[in-house]
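Thanks, everyone, for making the time this morning. I would like to walk you through the packing inside one chain, so please have a look at the sequence and the model before I go on.

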Amino acid sequence: KNIGPSLPSLSATAGSQLAGLVLLMIGLVLYFGGRVSGEFFAQRISFVLVSYAMVLLFFGPVLSQRLLFPFSLLLLAIPIPYILYNAIAFPLKLTATKISVWLISLSGMAVYRDGNIIHLPHTVLEVVDACSGIRSLATLFALAYCLAGFFHRSWWRRILLFCMVIPIAILSNSFRLFATSWLTHFDMAWAIGWRHELTGWLVFVVAGSLLFSFSFLRSEERR
């Protein structure tokens, strides 16, 4: 007798083959369209779609369903188009600047904001795209996707977790700007170089920890 666990069927069905063919055609159209227009985003999306279509065509619905999560996570690793990057980075930059200026004024330091430029008594800081928080936002979305996929069953819990990404990213980046403003009061080296990069890493660790902690509130809903 076969008393071991039964292996799932890895044979393709008519439905999975049809879905695989459709997905394969979409992926190829995206690839050739991106190739002709020089759009790398479409070509990168097509790579994931074509790869998943191969799984549907040759291995069937059982394996493709199990691999849906890692393939969808792979999509989050694709850089967004530059036009969309600017559309997101600019309001993030202004919002983080406004909040940091408000915190600086509450702390007692004289400050004046001109768009994304912070005027301080000892220096002038410009909040560039790299300091907008968009990189932390993308990474936190990937972290939230992993937490939602591995640990939460209810959809409302998953949606709430994703909704927390934006305020956590904005507030953590605003606090970094606030800290940088005070640190440069003692040493201007905190505005450039490895020290400035270090504050970015530390703030992201704090933001990731906050998201992780929020995810495990009411832990009875975990799988």
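When I speak of a contact, or say that one residue touches another, I mean heavy atoms within 4.5 Å. What we have on the screen is a predicted model.

Let me begin with isoleucine 170, which is found in helix 7. Isoleucine 170 counts as buried because its relative accessibility is 16%, and buried means under 20%. Leaving aside residues up to four places away in sequence, isoleucine 170 touches Leu92, Thr95 and Ile99.

Now to the cores. The largest nonpolar core has 18 residues, and those with the most contacts inside it are Leu140, Leu161, Val165 and Leu211. Two or more residues each are given to this core by helix 4 (82-106), helix 5 (134-151), helix 7 (165-186) and helix 8 (193-215), and the largest share, six residues, comes from helix 5. There is also a second, separate core of twelve residues, which includes Leu24, Leu49, Tyr52 and Ile78.

Which elements do the buried residues of helix 5 pack against? They pack against helix 3 (68-75), helix 4, helix 6 (155-163), helix 7 and helix 8, and among these buried residues are Ile134, Leu137, Leu140 and Leu147. Leucine 140, again not counting residues up to four places away in sequence, touches Val165, Ile168, Ala169, Phe204, Ala207, Gly208 and Leu211.

Notes: Residues are numbered from 1 along each chain as its sequence is written. This is a predicted model: local features need pLDDT of at least 70, side-chain atom pairs count only at pLDDT 80 or more; totals for chains, interfaces and linings use all residues. Side-chain values use heavy atoms; hydrogens and water are left out. A nonpolar core is a set of buried Ala, Val, Leu, Ile, Met, Phe, Trp, Tyr and Cys residues joined through side-chain atoms within 4.5 Å. Buried means under 20% relative accessible area, exposed over 50%, partly exposed in between (1.4 Å probe, protein chains only). Helices (H or I, at least four residues) and strands (E, at least two) are DSSP runs, numbered from the N terminus.
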